[in-house]
Amino acid sequence: CPSGPALLFVKTSQGREEGRRFYACSACRDRKDCKFFQWEDEKVSETRRAAREEYNRNHQPFFTHSQNVERYKNFLLLPLSKRRFCQECQQLLLPAEWEKHSDHQCLCDVSTAQLKSPSHLLYPLENKKTNAQYLFADRSCQFLLDLIIGLGFRRVLSVGTPRLHEIIQSKASQEEDFRVRSLLLDIDFRYSQFYTEDEFCHYNMFNHYFFGGEAARETCRKFLCQDNGERVIMVTDPPFGGLVEALASSFKKLMAMWKETEKEGHNNHEMPMFWIFPYFFESRILEFFPSFSMMDYQVDYDNHALYKHGKTGRRQSPVRIFTNLTPSMIVLPVEEGYRFCAVCQRYVSSGNQHCEICNSCTSKDGRQWKHCVLCKKCVKPSWSHCSTCNRCALQSHACQKPEAGCFLCGRAGHKRSACPGLS
């Protein structure tokens with residue numbers, strides 16, 4: 001489909017061991033956004049295949065990346081009065097194209113500073129199931145950059161983090177002694193208008209697909225393998241509605257690409273990584289990356305109403321940093337209320353109190369959690385133990401014993417993800 005190779009899914013229903021498998025778009029989880037659907041065992045006619053190829057061709061960007069690079073060079077040569085950006089088409093305009101966009105809303109006198117901050121110039125794509133371009137607030141972006149520099153990294157593979165890439169590119173062009181470099185991998189092709197092929201690759205993180213083919217893949221490989229693969233870190237901020245399993249598969253392939261030319265004797269090492277995701281996905285991420293741990297730092301976003309730092313109670317941002325680096329290395333800002341726990345050997349939020357029974361700082365959401373002796377773990381402060389359900393829950397919960405058993409086969413003792421009947 002237009003997003004590259006499809007992914008294989010399975011339709012399952014309660015109690016049935018086998019489900020029918022089908023292919024669907026890797027990036028769009030809503031059929032309204034991408035209509036691609038094909039049963040695994042379905043035979044596709046030549047007519048339908050040709051129609052699909054025609055559809056895919058018609059849904060490609062109007063300009064290629066190399067054409068956009070040339071257009072950008074010509075745009076920079078224009079005087080300020082002739083620099084226009086079409087807000088409806090999200091495109092830099094050359095004077096010969098003005099007439100075609102005469103009835104569109106255009107931004108005039110586009111400055112060089114604006115061109116170096118494309119994430120502020122472009123409208124964020126906010127389809128939660130597809131693009132979900134929630135952009136880092138300046139506070140979080142600067143913290144991440146300071147942390148990366150402090151840890152000694154010199155190259156950043158920015159996977160779906162355009163604002164971090166942008167701040168690195170801007171500093172590199174302004175400060176002679178700034179040594180950090182970045183390569184942006186993103187599904188949003190609009191960024192090709194502002195970055196060269198060595199700075200941006202059109203990439204789908206749900207199926208590890210480089211739209212630029214082997215040339216783009218080689219650009220990424222070379223970037224990862226400079227200096228024998230040392231002092232490089234991957235930072236990724238995927239859409240929160242995305243499938244963790246698909247994302248983990250792609251990230252492992254990027255790690256394998258880094259490993260290809262890694263120094264001998266480091267075969268057991270993973271490429272350093274920051275995966276930015278909500279804390280309630282912790283168990284899923286650890287399932288695929290057991291070496292990862294979750295930091296308490298709250299990541300906030302400019303254009304998200306709820307994911308803001310500094311709010312209290314349940315309104316705090318749930319977004320955290322998952323990393324395979326040693327937790328004690330991740331120094332969190334004391335001025336924002338973070339402190340170092342000597343027992344856990346990591347920085348925690350001010351409300352995250354150490355539990356002597358669990359022997360851990362157990363809070364996930366920034367509030368102080370309480371220990372339940374019956375559940376043998378710490379739970380949210382608003383929860384209390386229910387003797388009927390034999391677990392902690394909100395007092396307003398529907399009181400019933402949780403249904404035991406796997407969704408797929410109905411048998412007890414395992415979850416759907418570990419079902420022996422799952423292909």
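Colleague: How many residues does helix 6 have, and how far does helix 6 reach from its first C-alpha to its last?

Modeller: Helices here are DSSP runs of H or I with at least four residues, strands are runs of E with at least two, and both are numbered from the N terminus. The expected span of a helix is 1.5 Å times one less than its number of residues. Helix 6 has 13 residues and reaches 18 Å, close to the 18 Å expected. Keep in mind that this is a predicted model, where local features need pLDDT of at least 70 and side-chain atom pairs count only at pLDDT 80 or more, while totals for chains, interfaces and linings use all residues. Residues are numbered from 1 along each chain as its sequence is written, and side-chain values use heavy atoms, with hydrogens and water left out.

Colleague: Which residues of helix 6 are buried?

Modeller: Buried means under 20% relative accessible area, exposed over 50%, and partly exposed in between, with a 1.4 Å probe and protein chains only. In helix 6 the buried residues are P162, R163, L164, H165, E166, I167, I168, Q169 and S170. They pack against helix 4 (118-121), helix 5 (138-150), strand 7 (155-159), strand 8 (181-186) and strand 11 (232-236).

Colleague: Why does Q169 count as buried?

Modeller: Q169 counts as buried because its relative accessibility is 17%. Contact means heavy atoms within 4.5 Å. Not counting residues up to four places away in sequence, Q169 touches S182, Y195 and E199.

Colleague: Which residues have the most contacts inside the largest nonpolar core?

Modeller: A nonpolar core is a set of buried Ala, Val, Leu, Ile, Met, Phe, Trp, Tyr and Cys residues joined through side-chain atoms within 4.5 Å. The largest has 75 residues, and L157, L164, L185, F251, L254, F274 and W275 have the most contacts inside it. Helix 8 (residues 244-259) gives the most to this core, with 9 residues. A second, separate core of 16 residues includes Y72, L78, V110 and Y195.

Colleague: In what order do the strands of the open sheet stand?

Modeller: Two strands pair if DSSP finds at least two bridges between them. The open sheet has 3 strands in the order 5-4-6, with antiparallel pairing. Strand 5 (91-93) and strand 6 (106-108) stand at the edges with a single partner strand each, so one side of each is left without a neighbour in the sheet. Strand 4 (residues 84-86) is joined to strand 5 by 3 bridges, and R84 stands opposite L93 in strand 5.
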